[in-house]
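This report considers how two parts of one protein chain meet. Please examine the sequence and the structure before reading on.

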Amino acid sequence: MKKFTSVQDVADLKDLLQEAQQLKQNPYQHKELGQNKTLGLLFLNPSLRTRMSTHIAGANLGMNVMVMNLDKEGWALETQDGAVMNGSTVEHIKEAAAVLGQYCDIIGIRSFPKLQNREEDYNEDLLHKFISYCKVPVVSLESATRHPLQSFADLLTITENTPAGKRPKVVLTWAPHVKAIPQCVANSFSEWMGQADVDLVITHPEGYELADEFTQNAQVTTNQQEALQDADFVYVKSWSSYTDYGKVLTDGEGWMMTNEKLEGTNNAKVMHCLPVRRNVELSDEILDGPNSLVLEQANNRTYAAQTVLKRLLEGLK
Amino acid sequence: MKKFTSVQDVADLKDLLQEAQQLKQNPYQHKELGQNKTLGLLFLNPSLRTRMSTHIAGANLGMNVMVMNLDKEGWALETQDGAVMNGSTVEHIKEAAAVLGQYCDIIGIRSFPKLQNREEDYNEDLLHKFISYCKVPVVSLESATRHPLQSFADLLTITENTPAGKRPKVVLTWAPHVKAIPQCVANSFSEWMGQADVDLVITHPEGYELADEFTQNAQVTTNQQEALQDADFVYVKSWSSYTDYGKVLTDGEGWMMTNEKLEGTNNAKVMHCLPVRRNVELSDEILDGPNSLVLEQANNRTYAAQTVLKRLLEGLK
Amino acid sequence: MKKFTSVQDVADLKDLLQEAQQLKQNPYQHKELGQNKTLGLLFLNPSLRTRMSTHIAGANLGMNVMVMNLDKEGWALETQDGAVMNGSTVEHIKEAAAVLGQYCDIIGIRSFPKLQNREEDYNEDLLHKFISYCKVPVVSLESATRHPLQSFADLLTITENTPAGKRPKVVLTWAPHVKAIPQCVANSFSEWMGQADVDLVITHPEGYELADEFTQNAQVTTNQQEALQDADFVYVKSWSSYTDYGKVLTDGEGWMMTNEKLEGTNNAKVMHCLPVRRNVELSDEILDGPNSLVLEQANNRTYAAQTVLKRLLEGLK
């Protein structure tokens, strides 16, 4: 593996999942692999789970891990070609990425979308330029349009909670939030589910349609109750509008997930990528009850990251 | 040992002190103990000594150490049960603690009191909830009402500077400051001295009485000169009022510790937890002179932390 | 070696350069040297290259590396002797340095000049006090007047790009910038070149003369075109005025380095310490072209730092 930015970087998804399950059983069996290798984790936006789980994943593989919160500890990067840099950006991504690529064997980078210009965000300009200039394997720690380590951990969690041979019904349901949220997690989850042995249904209010490229294998409906019928897994997530880009179109009354709504499901397990706004996106009763998988998902972040890092390390030779 | 939040978590104080002295002699003899174990250090308030000494203590034991300044690099935590999280808190402590408990084998956490609502602070709500939800051993890196690693290092320093068999007179004296300071260090020092082989006298201006629970074995007086008489150790520390909660009641003129005030003592050693406001709490002449133990105290922070981490690691099995 | 703050701390420059080249060939051959040794990296100003390269240098030597952004994660230091600390400074450098010196075996420290009072900056008060109080070897990560790790890496880069036996012509040329920049890099580069087998020419607009102490072995001219004639290396760098201290005296029109200006040179290699303001200091065409050495310089930062740390570790015995 040479980079990990979406499910399209995965040659064989089943094989990847199996390796993750093996690493979870015995996380320290490959400590030699990362000897004298440096993992740089670069954050242009805050992170708790991603930072900690990826740090541990690197350490489990014997790597030297360095974390850099570029937004707070460093300076603003310029991404435009040909820019006359007489403004507030201090360093061009050409230099920053190339230098970090010399210091690190593998680089993880997180950068959120600005949610102001759809084309700009969906071009994934920063991520693509960083990959192009740094010249070492890059793992996305969440980008403008995707969060593949999250989706990998999500799929691992679904796999672990599905009886062998069963093709579960998975529902991605939009949730209210107090602010405009990127589409990354929803996009990425849809894209990964589309490649997995599941039936995916997406439900959201009018105007919250995700970009077609992510939802080709999904059934989409604005009727949440109908969507939830017989669901085995319910993935709750807020996102802002893709069509009316970055906007919040409704206060989402009635869309919060509750135990009552789970009644029509197949005793569905409930998932969320965290952090979650309690009693806005999801009710306390679900999060504190037996159907919640949110902690299992978070725990699987370590093994998803470790599997990816292991493959990137193996690809270094 | 399953947690370390106060002297009450210590079964045998003499034994703990002996182990700290042994570790100080040979800090690297237990590097196998922490192999493949992760120590997460979580700061909701700034730290220099605590962060660095605890980091080194973990490294001395072979642990993988991760530092997270949640206040600056992360987001605000919600602690209220049942909260509808439509405000500024981004994640509930239930999720944050539980996730970190999955990532880390031992967690250290620092959180200062707000000094606005006494009951809220003295309930130690955040610390107790964090311990309850994270499910792994927690070491307090200073909480709303106590700073036990500091007090352990202080007692170690007093022990090292006391002739065998002697029961020293220890005076805790209030000092002026430019702002309202928590009672944590004073509370915790009083509590630890109350369990040790020392005679403790506490002196402060009217209105600065500490909570009874911490001072049961101490003699208390508002006469500083009398208190200092024949003292072997003088611990200088500012704190805001407990009774008129969080308030500064006096400019404290005349309460700064000086060489002149030491004249009535038994050539007392002078202590402070640092950072110290020079020529406000303590005069330059003391800090730069032979009676100061402040650097020995800071140095002992490493061995106090290492002793605690060693015991928490041993308790993991 | 007991400290590294300028070229004057280097006994034999040729020997230092040779060792750096050896370490670059085999960076992991001395991993035992740093076992159980802690490197503390203290930043009072932001850093990307210095922080990452020095971190890796320490890790390559087997050290435990701790990074502390004191400006953002800690508090303001007092440096004045005898200060009554009733203002905004929270800790005196006497205590902060002494404590860190107890925790760390080697300390790196970065602190920029304020560019307001020349005498204060050029006294290097903070650096000298830190060294004096911490009592362990200190490596400057850039100080008020010098950036020796950068200059060492620069000289290493020049050496690697010069045919054996040749004495190259090196030109340091002032460049425009959007803000007032310290003289550190220019000072330090001049000082190191003055000790090396090169002919140094410095060129800048009127009023940008560097302090004499750094430029004794250099030829200085305000005629950039003349200076560049037959140059083998062109080092581009902005700095504010030393004589009219900290001021920007001109918008520097015409001083930006371009391919056209390189025409009179000996196909000169172009250098810059980074971060660089593209199309303000240097044109895109140079940075993206074959004459740029800026990435080689950045890469050599690791080996410069590692050579210095190795010597400081060897000096610990």
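The model is predicted. In chain A, the domain assignment gives domain 1, made up of residues 7-146 + 299-314, and domain 2, which covers residues 162-292. The C-alpha centres of domain 1 of chain A and domain 2 of chain A are 26 Å apart. To the contact, domain 1 of chain A contributes 19 residues and domain 2 of chain A contributes 23 residues.

## The buried area

The size of an interface is often expressed as the accessible area lost when the parts come together. Between domain 1 of chain A and domain 2 of chain A, about 1700 Å² is buried, and carbon and sulfur atoms give 60% of this area. Of the area that domain 1 of chain A buries against domain 2 of chain A, 39% is supplied by Leu115(A), Arg118(A) and Tyr122(A), more than by any other three residues.

## Polar and charged contacts

Between domain 1 of chain A and domain 2 of chain A, 8 residue pairs are in polar contact. The interface of these domains also has 2 salt bridges. A salt bridge joins Lys14(A) and Asp197(A), whose closest N and O atoms are 3.2 Å apart.

## The side belonging to domain 1

On the side of domain 1 of chain A that touches domain 2 of chain A, α1 (13-25) and α5 (118-122) of chain A each supply at least two residues. By class, this side of domain 1 of chain A has 8 nonpolar, 5 polar and 6 charged residues.

Notes
Residues are numbered from 1 along each chain as its sequence is written. Chains are lettered from A and ligands numbered from 1 in the order in which they are written. This is a predicted model: local features need pLDDT of at least 70, side-chain atom pairs count only at pLDDT 80 or more; totals for chains, interfaces and linings use all residues. Side-chain values use heavy atoms; hydrogens and water are left out. Domain bounds come from an automatic or database domain assignment. Contact means heavy atoms within 4.5 Å. Buried area is the accessible area (1.4 Å probe) that two parts lose on being put together, summed over both. A salt bridge is a side-chain nitrogen of Lys or Arg within 4 Å of a carboxyl oxygen of Asp or Glu. A polar contact is a pair of N or O atoms within 3.5 Å; within protein, one must be able to donate a hydrogen and the other to accept it, and residues adjacent in sequence count only if both atoms are side-chain atoms. Helices (H or I, at least four residues) and strands (E, at least two) are DSSP runs, numbered from the N terminus. Ala, Val, Leu, Ile, Met, Phe, Trp, Tyr, Cys and Pro count as nonpolar, Asp, Glu, Lys and Arg as charged, and the others, Gly among them, as polar.
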